Amino acid sequence: MHLPMDLRRRISAPKLFLFSSTVKRPRSCVTSTTASKQLVQPKQNQPQALDQSFVNLVSSVLSNRSLDSSKCQEILSHLTPHQFDRILAEIGLSVNPKTALNFFYFGANSCRYSFSVRSYCFLIRLLLVSNLVAPARLLLIRVIDRKLPVLLEDDWGSAHIEIANTMVDLNVGFEKEIGVRMFDMLVHVYSTQFKTVDYGLALDVFGLLATRGMFPSFVTCTFLLKSLVNAGAVDKCCQAFELMCRGVVPDIYLLTIAINAYCKSGRVKDATGLFFKMEKLGIIPNVVTYNTIIDGLCKNGDLDEAFLFKDRMVKNGIRLIQKTYGILINGLIKSDRFDEANCILEEMFQKGIAPNEVVYNTFIDGYCRKGKVRDALKIKDDMLLKGVVPNSITFNSLIHGFCKNNMAEEAKLLLEEMLSRGLPVKASAFSLAIHSLCMSSRLNSALHLLGEMLARNIRPHDSSLTIIIDSLCDEGRHSLAVQLWFRLLGEGFTPNTLTSNALLHGLCKAGDIQGAAELLKEMVHRGLKLDRVTYNILILGCNKEGKVEEAFRLKEEMVSHGIAPDIITYNYLIDGMCNLGKMDEALKLWEECKTNGLLSNVYSYGIMINGYCKANKINEAVNLFNEMVINKLELNPIIYNLLIGAYCRNKNVTEALKLRDEMRIRGIPPSIATYSSIIHGLCTVGSVEDARSILAEMRNQGLKPDVVCYTALIGGYSKLGQMDEVDSVLLEMSRYGIHPNKITYTIMIDGYSKLGDMEKARKLLNEMVEKGIVPDSITYNALINGFCKEGKINEAFKVTDSIPMEGLSLDEVAYTTLVHGMQQPLTVSQE
C-alpha cells in the first residue's frame, strides 16, 4: 500500500538513509529522474541483430511443456550470456516457466554455463507470475549462495546490490503486484537464509529498493522491523522505519514496532513524538503501544512522564492490563520508589487484576538488591497466600539477597528447597551460595552444594572451585583438596590453571613439595598451561624447604618457556638468599632485577632490609630505608618495625625511639609489634620502668599490650632480680585477661632460679604443666641450672629424669650444667 503525498510528508523523517557506506552500484543503478531518462535513451553502439532462426529455436525449446535436453548444449554453445538475455527478453511471453527452469538447471549443472543475473531474475519473475513461489525462492537462494554459476557485472561483494537493481529494472513499466512479490522474496531471503549479525545485506537491499521508489509489502516491512528489534539492531530498525515511511502506509503494528525500536535505542523523545503523530493521523494507539512507550520511559528514568501516559490510557478508555502495572512497578522499584510501587500493587488488587509471578519477582529482586531480605520474604509469603507459585527466578533473587547480606545458611536452605522442588538452578546461584558459605567458614556445607552440582552434571564456576580449594588448604585439609581436584577430572570438569595454582600454593605452603610435584606433573599431562603464578608458587615452596638451588632451576625453566620472571619471582628468590644469610647473592639478584627493568616494591625493600637486619648489617638496612624515602615509596609499620627491632637487639634504643617518633610524624601509627620491640630493648638496657611506661602509652593509643609485651617486661624485672615487680606484672596481666605462655614461665623460672628461690621456680614449673603448657629444654635447663648453683645436684638429676617423659632429651647445655654442678660442694642435706 502506498501513501498519499501529503500523508507521506507528515510522517516520514527528512534524513537520507544509507545502510552501507561501501556499497558499489553497477551502471544500471538509477537514483534520480535524470538518470531514469538516460537509461531509456538509445545507445550509440547498438548490438548486432540476432539470428531469427536461432531465436525461434530457443523459443521452441523453452515453450514446450517438457525439456528437450539434447538441444540445450547446441543452444548454449552458440550464445553468450548477454545474447541469451536478449533472446529471453524477446520470447518471454511464450516461455513455459517450468521448462525454462529445467533448461537453466541443465545449463548450469551439466554445461557449467554462467547465466547472467538478469536472466536469473527474469526467470524468477516468470515463476512468480505463474505462482511457482517455492521454485522461484529456491532458485534465488542457489544464485545467492553461488551453488549455480552466475555472470556478475561486479564482484561478489556487491552481488546483492546487483540482484536488487536488476529486479527493479525488470519491473519498470510492469504491474506492481509481481514486483512487490519479487521484493518480498528478495528481502525475506536476505533476512533469513543469508542473515548477518546486523542484517547488513537485507538492509542494503531494502535501502536500494527504497531509494529507487520500490517497496516490499507491508507484511515484509513488518517482518524486517521485528527481526531487527529481536536481533538488537534497534538503530538500524529506526533507520529502516524512516525509509519505509516514504512509500508504505504504517499501521498500528508497524508504528508500535518503530516506537519500541526508538525506546530501545534511547531515542525516547522520538518515540513519544511518533506516538503523538499517530494520534494526529487518526491511528488510535492500543494497549500494546501504550505499554511499549511506558516501558521505554520507565527504563529511561522518565517515570513521571510514564504515569502521564498511564493517565492518558485511562482517559482514552484503554484498560490497563497486568503487563502495564508490571512495567510501572518495575520502573518504580528500579528507582528505589518502593512505597509508590506498593501503591500500584494495591491499585491492581482494587481493579481486580491479580499480580503474576513476574510482578512479585520484581518486588523480591528489588528488596534483595537493597538488602531488605525480610521484606522480600514477606512478598514471597504473600505470593503463596495468593496462590502464586514461586519459580526459579524467585528463589535465585532470594539467594542473591541472602548471600549479599551474609546469610549463607539461609541461601543454602533455599537452594536445597529448589532442588527438592525440581526447579532449575543456575550455576551462578550455586556459585554465590558456595562463595558465601566459604566466607562464613561453612566449608562442609559448600562441599555439599558442590556435590549436588556434580551429581546434576552442572559445571561449577572456576571461581567456586578456586575458593573451595583455597578454603580446604587454609583448614589444612590438603588431601581432600587433592581428591576433589582429581574428582573434577573424572567428572570431565578439568580445573583451570587458576584453581590448580590455588592447590599448588596450598601444598607448597604446607611443605608437601612431593604432592605439589605430582600435581604439577598431572597438570602438564592434562595440557594445562603453566603460567607465571604457577612458577612463583613452586619457587616459594622450594624456598620454604630451603631448596634454593631448585628454586633457581625453576626460574631458568620459566624463562626457557617464554615466561619472564616478575618482581614477585625475584622477591621470592631474594628472600631465599636472605634466609640463608647470603646477602651478597641477594644483592646480585637485587641488581639483576633493576637491570631487567623491574621496579622494586615495598615488599622487595622489606625483604632486603630484613635480611640485612638479621645479618646485623644495620647500616646497609638504613641505606635501603633512605632509598625508599627518596623514591617516595609508601612506608608502612612493617618496614619501621624491622629497623626498630634491629636497633633494640643491638641495644640502640635511642635510634629505635627516634624511628617511632618519625612514624607518628609521617602519620603511620606504631603497632603492637613496634612497642613490643621497644619494651624488649628498654628492658635489655635495664630501663625497665621506662619500658613499663610504654605499656601505658600503648593503652592511650588504643592498643592492647599482648603477652609478648608483658613477657618482655617480666624478663626485664627478672634480670634485675625484682621478682616482686614480676608478681605485680602478672596481676596486671590477669586483670586484662592475658595468660602467660611458655616463654613467660621460662623467664620467671630462670629469674627465681638465679635468686636461689628454687621452691618458687619448681612451683611455677608445676603450674605451667597443670595449665597444659609443655615445658621445653630451655625451661628445664633454667631449673637444672638453679639447682646446680644451689648445690642441690640430686634435685637437678630428678629434673633430668622427668625430661624423657616429656619426649625431650638432654642437650649440651644441660650436660655442661650438671658437670659443673657435680664439681660444687654438696649442701648439708645432701651430705
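Predicted model: local features only at pLDDT ≥ 70, side-chain atom pairs only at ≥ 80, totals over all residues.
Helix α19 covers residues 338-350 and helix α20 covers residues 357-369. The two pack at an angle of about 165°, and their axes lie 12 Å apart. An angle over 145 degrees counts as roughly antiparallel, so α19 is roughly antiparallel to α20. On the α19 side, the residues that meet the partner helix are Phe 338, Ala 341, Asn 342, Leu 345 and Phe 349. On the α20 side, they are Val 359, Tyr 360, Phe 363, Gly 366 and Tyr 367. Sorted by class, the contact of α19 with α20 has eight nonpolar residues, two polar ones and no charged ones.

Helix α23 (residues 408-421) packs with helix α25 (residues 443-455) at an angle of about 25°, with the axes 11 Å apart. Because angles under 35 degrees count as roughly parallel, α23 is described as roughly parallel to α25. The crossing of α23 and α25 is left-handed. Helix α23 contributes Glu 409, Lys 412, Leu 415, Glu 416 and Leu 419 to the contact, while helix α25 contributes Ser 445, His 448, Leu 449 and Glu 452. What classes of residue make up the contact of α23 with α25? Three are nonpolar, two are polar and four are charged.

Leaving out residues up to four places away in sequence, Ile 609 touches Ala 621, Leu 624, Phe 625, Met 628, Ile 639, Leu 642 and Leu 643.

Two further residues, each in a helix, can be viewed side by side. Thr 394 is found in helix α22, which spans residues 392-404. Is Thr 394 buried or exposed? Its relative accessible area is 1%, and buried means under 20%, so Thr 394 is buried. Apart from neighbours within four places in sequence, Thr 394 is in contact with Asn 361, Ile 364 and Met 383. Lys 334, by contrast, is exposed, with a relative accessible area of 51%. Lys 334 lies in helix α18 (residues 322-334). The C-alpha atom of Lys 334 is separated by 9.7 Å from that of Asp 365, and the two residues are 31 residues apart along the chain.

Most residues other than glycine have a negative phi. Asn 131 is not a glycine, yet it has a positive phi of about 60°. This residue sits in the loop between α7 (117-129) and α8 (133-144). With a relative accessibility of 54%, Asn 131 counts as exposed. Lys 651 is not a glycine either, and its phi is positive, at about 65°. Where is Lys 651 placed? It is in the loop between α36 (637-649) and α37 (653-665). Lys 651 is exposed, with a relative accessible area of 54%.

Methods: Residues numbered from 1 in each chain as written. Heavy atoms only, no water. Axes fitted to C-alpha atoms, helices over the stretch in contact; angles between N-to-C directions. Helix = DSSP H or I, 4+ residues; strand = E, 2+ residues; numbered from the N terminus. Parallel < 35°, antiparallel > 145°, perpendicular 65-115°, else oblique. Left-handed = near helix turned anticlockwise from the far one by under 90°. Contact = heavy atoms within 4.5 Å. Nonpolar A, V, L, I, M, F, W, Y, C, P; charged D, E, K, R; others polar. Buried < 20%, exposed > 50% of the residue type's maximum accessible area, 1.4 Å probe, protein only.
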